[in-house]
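Here is a friendly tour of one protein structure, moving from its pocket to the contacts between its side chains. Take a look at the sequence and the model, then read on.

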Amino acid sequence: MAVRKVFIDGEAGTTGLLIRERLEGRRDISLVTIAPERRKDPAARAEALAAADLAVLCLPDDAAREAVAIADALPGGGPRILDASTAHRVAPGWVYGFPELSSDQEQAVRSARRVSNPGCYPTGAIALLRPLVDAGLLPPDHPVTINAVSGYSGGGKAMISAYEGGTAPAFELYALGLEHKHLPEIVAYSGLARPPIFVPSVGNFRQGMLVSIPLHLDLLPGAPKPADLEAALAARYAGKTWVRVVPTAGQARLEPEALNGTNVLELRVFGNEARRQAVLVARLDNLGKGASGAAVQNLALMLGLSESEAALAA
């Protein structure tokens, strides 16, 4: 069995630590590491990049760009790179790491040298919107609102410390300037031509996420029924391991933590036919399919390795 060498640049952060946990038990991967005191040393990073078959960047955007520049200067352009930052998600020459995006996206990830790992909120939003736009059920210029709530683990060290230290509020809206950093990739890969209004929020729970999109059905082409929207989603994701369309079957509540520790993304269409309204909902672990789980899924595709639940679960 061939063993592939993987370097996690930024392994001390939340995403990097969870990727490392998912990889440590695999016999088909060997981790390239740097001594803690040398993690910011460009020479040490260049050595690690040169030794790796693939590098995962779990860094701030500027540091991720720096790592790519170091790799580009190595013989042969250095290792293949999977970037978990926002630095390259809409950059030319980078493949977007949502394999379920379209029929040819998985193969694009498999063959790419540079892959950008999606953001957590965009994973849910794009998964809901893109199939409906492609099916002609949702016009690209339709005014869309995306509401979402995440566990505090996606907010970085300061937010995690505030919540775990008991100084943060129970719930809060944020990014109310309507310029969230995830908007460019949502627009780029959802098929929308009009930027949506995106209202994220954070709750007092560590991880888990709900992304919801309300729709007035009588404003959509052909006045579709909720079942039509569900059918379009089901057709897109038929046979996909990690994205599942779940019938609502009279369900009236949904909590965000049920998929924690997995790489699963669940999609639902809640509808009221009498009122001609629907709400699309995605549920995922913001640290799973929304970050580390997706990274390991993409890494496995890029290196031709197993994508089993055991391999991707926390």
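Helix α6 gives the most to the lining of the largest pocket, with 4 residues. Helices (H or I, at least four residues) and strands (E, at least two) are DSSP runs, numbered from the N terminus. Keep in mind that this is a predicted model, where local features need pLDDT of at least 70, side-chain atom pairs count only at pLDDT 80 or more, and totals for chains, interfaces and linings use all residues. Residues are numbered from 1 along each chain as its sequence is written, and side-chain values use heavy atoms, with hydrogens and water left out.

**The largest pocket**

- The largest pocket holds about 1,300 Å³ of space.
- Its lining is made up of 50 residues, and Thr14, Thr15, Cys58, Leu59 and Pro60 are the closest to the pocket's centre.
- Elements that give two or more residues to this lining include the strands β1 (4–9), β7 (145–151) and β9 (197–203), together with the helices α1 (14–24), α3 (61–72), α5 (120–134), α6 (156–164) and α9 (288–303).
- A pocket here is found on a 1 Å grid over the protein atoms alone: it is an open set of points where a 1.4 Å probe fits, with protein on both sides within 12 Å along at least five of seven lines, and lining residues have an atom within 4 Å of a point.
- The volume is the space filled by probe spheres set on the points, which are joined across faces, edges and corners.

**Salt bridges**

- How many salt bridges are there? The count comes to 20, where a salt bridge is a side-chain nitrogen of Lys or Arg within 4 Å of a carboxyl oxygen of Asp or Glu.
- One of them joins the side chains of arginine 39 and glutamate 11, at 3.2 Å from N to O. Arginine 39 sits in the loop between β2 (29–32) and α2 (42–51) and glutamate 11 in the loop between β1 and α1, so this pair ties together parts that are 28 residues apart in sequence.
- Arginine 39 is partly exposed, with a relative accessible area of 32%, whereas glutamate 11 is buried at 11%. These words have cut-offs: buried means under 20% relative accessible area, exposed over 50%, and partly exposed in between (1.4 Å probe, protein chains only).
- Salt bridges also link Glu11, Arg20, Glu24 and Arg39 in a network.
- Arginine 45 and glutamate 66 meet in another salt bridge, 2.5 Å from N to O. This pair links distant parts of the chain, with arginine 45 in helix α2 and glutamate 66 in helix α3, 21 residues apart.
- Arginine 45 is buried, with a relative accessible area of 4%, while glutamate 66 is partly exposed at 40%.
- Arginine 276 forms a salt bridge with glutamate 273, and their closest N and O atoms are 2.9 Å apart. Arginine 276 counts as buried at 17% relative accessibility, and glutamate 273 is partly exposed at 37%.

**Aromatic pairs**

- The whole structure has 3 aromatic pairs. Rings of Phe, Tyr and Trp (its six-membered ring) pair if their centres lie within 6.5 Å; planes under 30 degrees apart count as stacked, over 60 as edge-to-face and the rest as tilted.
- Tyrosine 121 and phenylalanine 198 form an edge-to-face pair, 5.2 Å centre to centre with 70° between the planes. Tyrosine 121 belongs to helix α5 and phenylalanine 198 to strand β9, so the pair ties together parts that are 77 residues apart in sequence.
- Tyrosine 121 is buried, with a relative accessible area of 3%, and phenylalanine 198 is buried at 2%.
- The rings of tyrosine 152 and tyrosine 163 have centres 5.0 Å apart and planes at 0°, so this pair is stacked. Tyrosine 152 lies in the loop between β7 and α6, and tyrosine 163 in helix α6, so the pair ties together parts that are 11 residues apart in sequence.
- Buried or exposed? Both tyrosine 152 and tyrosine 163 are buried.
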